Amino acid sequence: MPKSRPGNVDAASKQPTPKPQTNFTKWITRIAGLLLLAVTFTWLDSIKDRWYVLDPKHLHELAQEAIATSPNDPQGMITHILTNLTSTYPQLESPSISLNSNASEWVFNNAGGAMGAMYIIHASITEYLIIFGTPLGTEGHTGLHTADDYFHILVGEQWAFRPGALEMEKYGPGDVHFLPRGTAKQYKMHEGCFALEYARGWIPLMMPFGLADTFTSTLDIPTLYHTVRITGREMIKNLLVGKI
């Protein structure tokens, strides 16, 4: 076996050994990153109202008008709502908001144990407006959301309950069931109940709740595809007109 000569040191051993980053430095970096994210999200949350276009008061009045114009006729109410919205927010010249006027584009929605169908009129990063309901009736959990939710009953009746309440809440045609962000309830929609639902806040953060039942229960991949396709398409269309 050849003996190594004195002074013949392997070249790799001459390379300086990099100093490992200390655990303290790693934790400082992580904490700084989390603080930066928290500050950024807090700032964005404080200015999100500048991107709102739809108005809860106007939508409540519009829902009541639709009920008066087409009593017990959900299709007539939807037509009235769309006609008013596209008149208020013209779609051809420099639109401030993009609306989906294809009222035949309904998809199932399973969320929180409840099942119905929805027609997405508008979807953007900070707002959505849909028609939701079922002729059969359903019951479930509202979800715990990062957006305020305004549920305008068009036809039928909705009941709701929050922990600690000993009496249920009742909402009929023309009523609005307001659910502030960060709160949750049990709710029930009776047979033939449809509503105009408006949410304002961080809409993408609501999507996991709206899609979770697909993976844990229904495995309805076509519905998942169409929900993501329509929602993504409408959000992109709104971003293209400058609506966040």
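This is a predicted model: local features need pLDDT of at least 70, side-chain atom pairs count only at pLDDT 80 or more; totals for chains, interfaces and linings use all residues.

Me: Okay, sheets. What is the strand order in the open sheet of 6 strands?

Reply: The order is β1-β2-β3-β10-β5-β8, and the pairing is antiparallel.

Me: Which strands stand at the edges there?

Reply: Those are β1 (106-111) and β8 (176-179). Each has a single partner strand, so one side of each has no neighbour in the sheet. On average, neighbouring strands of this sheet are turned by 30° against each other, ignoring direction.

Me: What holds strands together in general?

Reply: Strands of a sheet pair through backbone hydrogen bonds, in a parallel or an antiparallel way.

Me: Can you show me a pairing? How many bridges join β3 and β10?

Reply: Strand β3 (residues 127-134) and strand β10 (residues 193-201) pair over 8 bridges, in the antiparallel sense. Threonine 134, for example, stands opposite cysteine 193 in β10.

Me: Which helices pack on that sheet?

Reply: Helix α3 (residues 74-88) packs on it, touching β1, β2 (114-123), β3, β5 (147-155) and β10. The direction of helix α3 makes about 25° with that of β2. Helix α5 (residues 221-240) packs on the sheet too, touching β1 and β2, and its direction makes about 20° with that of β2.

Me: New topic: how many salt bridges does the whole structure have?

Reply: A search of the whole structure finds 6. In general, side chains of opposite charge can pair when their charged atoms come close.

Me: Who does glutamate 105 pair with?

Reply: Glutamate 105 forms a salt bridge with arginine 233, with the closest N and O atoms 2.8 Å apart. Glutamate 105 sits in the loop between α3 and β1 and arginine 233 in helix α5, so the pair ties together parts that are 128 residues apart in sequence.

Me: Is glutamate 105 buried or exposed?

Reply: Glutamate 105 is buried, because its relative accessible area is 14% and the cut-off for buried is under 20%. Arginine 233 is partly exposed, at 27%.

Me: What about glutamate 234, what does it meet?

Reply: The side chains of glutamate 234 and lysine 237 meet in a salt bridge, at 3.5 Å from N to O. They are 3 residues apart in helix α5, so about one helical turn separates them. Glutamate 234 counts as buried at 0% relative accessibility, while lysine 237 is partly exposed at 33%. Salt bridges with shared partners join Glu105, Arg229, Arg233, Glu234 and Lys237 into one network.

Me: Nice. And which residue does lysine 185 pair with?

Reply: Lysine 185 forms a salt bridge with glutamate 169, the closest N and O atoms being 2.7 Å apart. Lysine 185 is in the loop between β8 and β9 (186-189) and glutamate 169 in strand β7 (residues 169-171), 16 residues apart. Lysine 185 counts as buried, at 5% relative accessibility.

Me: Last one, the surface. Which residues make the nonpolar patch?

Reply: Trp27, Ile31 and Leu35 make a nonpolar surface patch of about 340 Å². Tryptophan 27 lies in helix α1 (residues 23-47) and counts as exposed at 53% relative accessibility.

Me: And where is proline 90?

Reply: Proline 90 lies in the loop between α3 and β1, and at 46% relative accessibility it counts as partly exposed.

Technical notes. Residues are numbered from 1 along each chain as its sequence is written. Side-chain values use heavy atoms; hydrogens and water are left out. Patches are made of residues with over 30% relative accessible area and no salt bridge: like charges are joined within 9 Å, nonpolar side chains (Val, Leu, Ile, Met, Phe, Trp, Tyr) within 5 Å. Accessible areas come from the Shrake-Rupley method with a 1.4 Å probe; for residues, only the protein chains shown count as cover. A salt bridge is a side-chain nitrogen of Lys or Arg within 4 Å of a carboxyl oxygen of Asp or Glu. Helices (H or I, at least four residues) and strands (E, at least two) are DSSP runs, numbered from the N terminus. Buried means under 20% relative accessible area, exposed over 50%, partly exposed in between (1.4 Å probe, protein chains only). Two strands pair if DSSP finds at least two bridges between them. Axes are lines fitted to C-alpha atoms, for helices over the stretch in contact, and angles run from 0 to 180 degrees between N-to-C directions. Contact means heavy atoms within 4.5 Å.
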